[in-house]
Amino acid sequence: MSDAARHENSVTIGIVAGEASGDALAATLIHAVRERVPYARFVGIAGPRMEAAGCEAWHPLEALSVRGFSEVVGRLPELMAIRRALGRRLIAERVPVFVGVDAPDFNLGLERRLKRAGVRTVHFVSPSVWAWRRERVAKIGRAADRMLALFPFEPPIYEAAGVPVTFVGHPLAQDAATFGARREAREQLKLGIAQPVFALLPGSRASELDLHGDLVLQTAAAIHATRPDARFLVPLATRPTRERFEAALYRLGLETLPLTLLYGHATDALRAADVGIVASGTATLEAALAGCPHVIFYRVSALTAAIVRRRLLLPWVGLPNVLAGKFVVPELLQENATVENLAQAAQNLYDDTVTRRRQEALFASFAQWLHADTGALAAAAVAEELHAAGVQC
């Protein structure tokens with residue numbers, strides 16, 4: 001095809017992701033859309049996987065790497081400036097469709113502005129309206145022309161509110177662990193099959209490393225003190241998070257711990273591990289679908305914790321517990337997320353083979369429930385929105 005014909009058939013789609021899990025989802029979408037629209041151009045806020053898929057990063061993903069109410073306050077002027085500038089640029093580019101991938105506090109406001117300007121808007125990953133702030137559904141409908149939902153219990157919530165929604169499944173379920181996955185992962189990472197292995201996932205945001213880095217390192221040291229043969233795998237999503245973690249490692253004088261730092265490769269670490277110590281978020285679902293028994297933890301500022309506690313609709317926060325509808329994975333949150341508690345809970349789980357096998361069996365059922373061709377379904381929904389915007393593809 002000539003350059004002129006290629007230009008005539010090209011379409012620019014705006015897209016924004018704000019963390020590592022969103023980067024992975026967005027990359028899946030970009031690849032799938034390009035199978036339908038080979039010369040689609042994606043622009044916006046992107047992480048390394050999106051860039052590898054061909055997205056043009058106007059801002060790096062780390063620009064939105066913050067979580068919690070009080071944590072956002074200090075960076076609010078900067079974040080608002082980025083959102084205003086991004087909105088102006090997307091409107092100037094005349095993008096027909098914008099896809100906001102998770103990051104609802106940033107993306108929904110941007111989507112509202114773009115929708116008013118005539119851009120078709122898609123929000124990929126429902127906010128946790130089933131867990132708290134159910135009143136957001138109406139606001140989401142005013143911002144997004146379509147919701148792409150990862151979990152099968154989400155579409156009825158949006159349908160009841162008259163918000164167009166498409167269930168696309170979760171792409172992690174397509175690559176769920178199968179029999180023998182642990183042995184294969186250990187061979188790849190050169191770990192003994194009988195060796196105690198713990199995966200440490202402190203979070204994908206720089207702000208999470210600031211809150212969790214010392215905690216997981218000191219927890220690993222406590223476990224190692226009683227199990228000298230234990231090994232620890234630490235997958236870190238970005239260069240800034242790795243730098244923060246390494247700084248904490250040397251500051252605490254724990255550089256002799258038997259740690260293996262991985263750049264990405266969280267699934268490999270979780271498949272290889274007997275037990276995971278996992279910060280609440282998408283990583284807990286990744287742990288479940290990797291077949292890794294785990295303990296969930298999380299810390300936020302005292303103000304953020306107080307606000308969230310008053311508005312929670314469920315007694316649990318971890319995605320495996322949400323999916324199960326009951327506590328199946330221990331949750332150690334806020335003041336309960338201490339070195340002593342985490343080390344004890346992780347070792348109790350390691351020693352309790354029966355409980356670990358029960359978790360693994362439940363996790364296998366999650367994979368069947370969430371399995372779908374996420375990329376193809378999401379791309380079809382985006383193609384429908386392009387058509388609604390008058391773009392032939």
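**Salt bridges and a buried glutamine**

Hi everyone, let's begin with the charged pairs: there are 18 salt bridges in this structure. Please keep in mind that we are looking at a predicted model.

I'll start with Arg41. One of its partners is Glu56, and the two side chains form a salt bridge with an N to O distance of 3.1 Å. What does this pair link? It joins distant parts of the chain, with Glu56 in strand β3, residues 56-60, and Arg41 in strand β2, residues 40-46, 15 residues apart. As for accessibility, Glu56 has a relative accessible area of 32% and is partly exposed. Arg41 is partly exposed too, at 28%.

Arg41 also forms a salt bridge with Glu93, where the closest N and O atoms are 3.2 Å apart. Glu93 sits in the loop between α5 (76-92) and β4 (97-101), while Arg41 is in strand β2, so this pair ties together parts 52 residues apart in sequence. Glu93 counts as partly exposed because its relative accessibility, 32%, falls between the 20% and 50% limits.

Now over to helix α17, which covers residues 353-370. Here the side chains of Glu360 and Arg357 meet in a salt bridge, 3.2 Å from N to O. How far apart are Glu360 and Arg357 in helix α17? They are three residues apart, which means a separation of about one helical turn. Buried or exposed, then, for Glu360? Glu360 is buried, since its relative accessibility of 18% is under the 20% limit.

Which backbone atom does the Gln359 side chain reach? It is the backbone nitrogen of His294, at 3.2 Å. If we leave out residues up to four places away in sequence, Gln359 touches Pro293, His294, Val328, Val329, Pro330 and Leu349.

Lys115, Arg120, Asp145, Arg146, Glu384 and Glu385 are linked in a network of salt bridges. If you have the structure open, do pick out those residues and take a look.

Conventions
Residues are numbered from 1 along each chain as its sequence is written. This is a predicted model: local features need pLDDT of at least 70, side-chain atom pairs count only at pLDDT 80 or more; totals for chains, interfaces and linings use all residues. Side-chain values use heavy atoms; hydrogens and water are left out. Helices (H or I, at least four residues) and strands (E, at least two) are DSSP runs, numbered from the N terminus. A polar contact is a pair of N or O atoms within 3.5 Å; within protein, one must be able to donate a hydrogen and the other to accept it, and residues adjacent in sequence count only if both atoms are side-chain atoms. Contact means heavy atoms within 4.5 Å. A salt bridge is a side-chain nitrogen of Lys or Arg within 4 Å of a carboxyl oxygen of Asp or Glu. Buried means under 20% relative accessible area, exposed over 50%, partly exposed in between (1.4 Å probe, protein chains only).
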